[in-house]
Amino acid sequence: MTTLPVIYGYARVSKADDDSKNLETQLHILAEHGIRDHLVFTDVASGRSLLRPGWQALMELLQPGDTVVVAFLDRFSRNFEEGVRIQAELTRQDIGIVAIRENIDTREGSAAAKFFRRSMLAQGAYQVDSASERIKLGLERARAEGRRVGRPPALSGEQLEQCRRMAEEGAGLRQIARVFGCSPATVKKALDMEGTV
C-alpha cells in the first residue's frame, strides 16, 4: 500500500531566542502556509543538539516523498555544519525541505548543488545577521545598565606613568586594566609603545 506524501512543520526556540523568532511567530507562519497544527512538531531546546523530543518524533515519521517545512532555515540547527548535514541527509532520503523566510523549496526540482549553494548562503547570511544583532542588543543592554561601551579611551600621560609604576612593582596586565577600566590588551599596547614590557 502506497501512502501519500505528508507535509510536516517544525518549529524550535531556545531560551536565547529573541521575540522576532518565538514559537508563536513560527507557528503562525507555518499555519499561513497551510501546515495543519497536528502535523507540526515543536521543541524548546538549543539547536546545538539533535536530541530534541519534537525533532526525534518527526524523524521517526518521515518517509520518502514527505516534506519538512520551517519558518526559518536556522530552526533545523544553530550550527552551520550540522544544518548542512541535516539538509543533505533529508535530501538523500528524498524528503523535501522548505524554509519559508529564505524561499528555499527543494520540491521544485532544483538541482542539489543549487539548493546547497542557496542554503549555505542563506544560513551564512543569517549567522552574520544574528551575530550582528546579538552585538547590537548587547551594546544596548550595557548602555541601559550604565556600563561604558565601545573602544576604550587611550591612556593619558599620567595614567601611562601609573601603569609603568604598577608594572615595575609586579602588577599583572589584568590587574592594571581593572584599575583603569580598560582591557589588558590596551595596557600591554600602551606599555609596549613605551618599551616597558
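Student: Where is Arg 75 placed?

Tutor: Arg 75 lies in the loop between strand S3 (67-70) and helix H3 (80-92). Helices (H or I, at least four residues) and strands (E, at least two) are DSSP runs, numbered from the N terminus. Residues are numbered from 1 along each chain as its sequence is written, and side-chain values use heavy atoms, with hydrogens and water left out. Keep in mind that this is a predicted model: local features need pLDDT of at least 70 and side-chain atom pairs count only at pLDDT 80 or more, while totals for chains, interfaces and linings use all residues.

Student: What makes the pairing of the side chains of Arg 75 and Asp 74 a polar contact?

Tutor: A polar contact is a pair of N or O atoms within 3.5 Å; within protein, one must be able to donate a hydrogen and the other to accept it, and residues adjacent in sequence count only if both atoms are side-chain atoms. Here the side chain of Arg 75 meets the side chain of Asp 74 at 2.7 Å.

Student: What is the largest nonpolar core made of?

Tutor: A nonpolar core is a set of buried Ala, Val, Leu, Ile, Met, Phe, Trp, Tyr and Cys residues joined through side-chain atoms within 4.5 Å. The largest has 17 residues, and those with the most contacts inside it are Tyr 10, Leu 58, Leu 62, Val 68, Phe 76 and Leu 90. Strand S1 (7-13), helix H2 (53-61), S3, H3 and strand S4 (96-99) each supply at least two residues of this core. A second, separate core of twelve residues includes Cys 163, Ile 176, Phe 180 and Cys 182.

Student: How many aromatic pairs are there?

Tutor: Rings of Phe, Tyr and Trp (its six-membered ring) pair if their centres lie within 6.5 Å; planes under 30 degrees apart count as stacked, over 60 as edge-to-face and the rest as tilted. That rule gives two aromatic pairs.

Student: Why do the rings of Tyr 10 and Trp 55 get their label?

Tutor: Their centres are 5.0 Å apart and their planes stand at 75°, so the pair is edge-to-face. This pair links distant parts of the chain, with Tyr 10 in strand S1 and Trp 55 in helix H2, 45 residues apart. Tyr 10 is buried at 0% relative accessibility, and Trp 55 is buried at 3%.

Student: Which residues of H5 are buried?

Tutor: Leu 160, Cys 163, Arg 164 and Met 166 are. Seen down the axis of H5, they fall within an arc of 165°, so they line one face of the helix; the arc is that of the directions from the helix axis to the C-beta atoms. The face turned away from the buried side carries the exposed residues Glu 158 and Glu 168.

Technical notes: Buried means under 20% relative accessible area, exposed over 50%, partly exposed in between (1.4 Å probe, protein chains only).
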